[in-house]
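Please read the following report alongside the sequence and the model.

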Amino acid sequence: MKRVAQFFKVGFENFAGAVKGDFPEYTEAGIREIYGKIRLPERATRGSAGYDFFAPFSFILRPRETIRIPTGIRVRMDEDWVLKLYPRSGLGFKYRLQMDNTVGIIDSDYFNSDNQGHIFIKMTNDTNEGRTVEVAQGMGFAQGIFIEYGITVDDEASGVRNGGLGSTTK
């Protein structure tokens, strides 16, 4: 196995700002408690390809509802690698829990962005059966897989990233 990456927490101020933006019901003390309990992604078994991302706080998604989760996580990885994010298989299978961008792509240069490379996961409960998804704090809800990639022989990309979600085409 190649060891190509390492997970870290983003700084508290970064995380707190993200939580306050989407979840104003949390107090500063509540956010500090959540931040203290953030678990770095990890594999469940030696044979697991995916690193489980754990919910920083509990949430409920009713049918057709969407949520944007600030994970409090960032990742440093080797240049020729990407982290791809997917819903945990069981949640996708049982509830049709889906990533809003189908597959999340975390590039190696995202780590040094102004937002510290903070990974957000936006999901929708796309159930056809009226099922509500309940995710407890600390429960695995997404998984990330590191993939090596190549580039074309005539590639001359020289841009520098500063941000996520479309920042490389601005």
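Nine salt bridges turn up in a search of the whole structure, a salt bridge being a side-chain nitrogen of Lys or Arg within 4 Å of a carboxyl oxygen of Asp or Glu. The model is a predicted one, in which local features need pLDDT of at least 70, side-chain atom pairs count only at pLDDT 80 or more, and totals for chains, interfaces and linings use all residues. Residues are numbered from 1 along each chain as its sequence is written, and side-chain values use heavy atoms, with hydrogens and water left out.

| Salt bridge | Closest N and O atoms |
|---|---|
| Asp22 with Arg68 | 2.6 Å |
| Arg32 with Glu28 | 3.8 Å |
| Arg96 with Asp126 | 3.3 Å |

Helices (H or I, at least four residues) and strands (E, at least two) are DSSP runs, numbered from the N terminus. Asp22 is partly exposed, with a relative accessible area of 33%, and Arg68 is partly exposed at 34%. On this scale buried means under 20% relative accessible area, exposed means over 50%, and partly exposed is in between (1.4 Å probe, protein chains only).

Arg32 and Glu28 are four residues apart in helix α2, a separation of about one helical turn. Arg32 is partly exposed at 45%, and Glu28 is partly exposed at 35%. Salt bridges with shared partners join Lys20, Glu28 and Arg32 into one network.

Arg96 and Asp126 form a salt bridge. The pair links distant parts of the chain, 30 residues apart: Arg96 is in the loop between α3 (89–95) and β7 (97–99), and Asp126 is in the loop between β9 and β10 (133–135). Arg96 has a relative accessible area of 33%, which is partly exposed.

The next topic is the sheet. Four strands make up an open sheet with antiparallel pairing, in the order β2-β11-β6-β8. Two strands pair if DSSP finds at least two bridges between them. The edge strands, β2 (51–54) and β8, each pair on one side only. From one strand to the next the twist averages 30°, with axes taken as lines fitted to C-alpha atoms and angles running from 0 to 180 degrees between N-to-C directions.

Strand β6 (residues 81–87) has five buried residues out of seven, so it is largely enclosed by the rest of the structure. Seven bridges pair β6 with β11 (residues 140–148), where Pro87 stands opposite Ala142. Four bridges pair β6 with β8 (residues 104–107), and Lys84 has Ile105 as its bridge partner. β2 pairs with β11 over four bridges, and Phe54 has Gly140 as its bridge partner there.

Which residues have the most contacts inside the largest nonpolar core? They are Phe53, Leu83, Ile119, Ile121 and Phe141, in a core of 38 residues. Helix α1 (residues 12–22) gives the largest share of this core, four residues. A nonpolar core is a set of buried Ala, Val, Leu, Ile, Met, Phe, Trp, Tyr and Cys residues joined through side-chain atoms within 4.5 Å.

Leaving aside neighbours within four places in sequence, Leu83 is in contact (heavy atoms within 4.5 Å) with residues including Phe7, Phe53, Val75, Ile119 and Phe146. In α1, the buried residues are Phe12, Asn14, Phe15, Ala16, Ala18 and Val19. The buried residues of α1 pack against α2 (28–37), β4 (66–70) and β9 (120–125).
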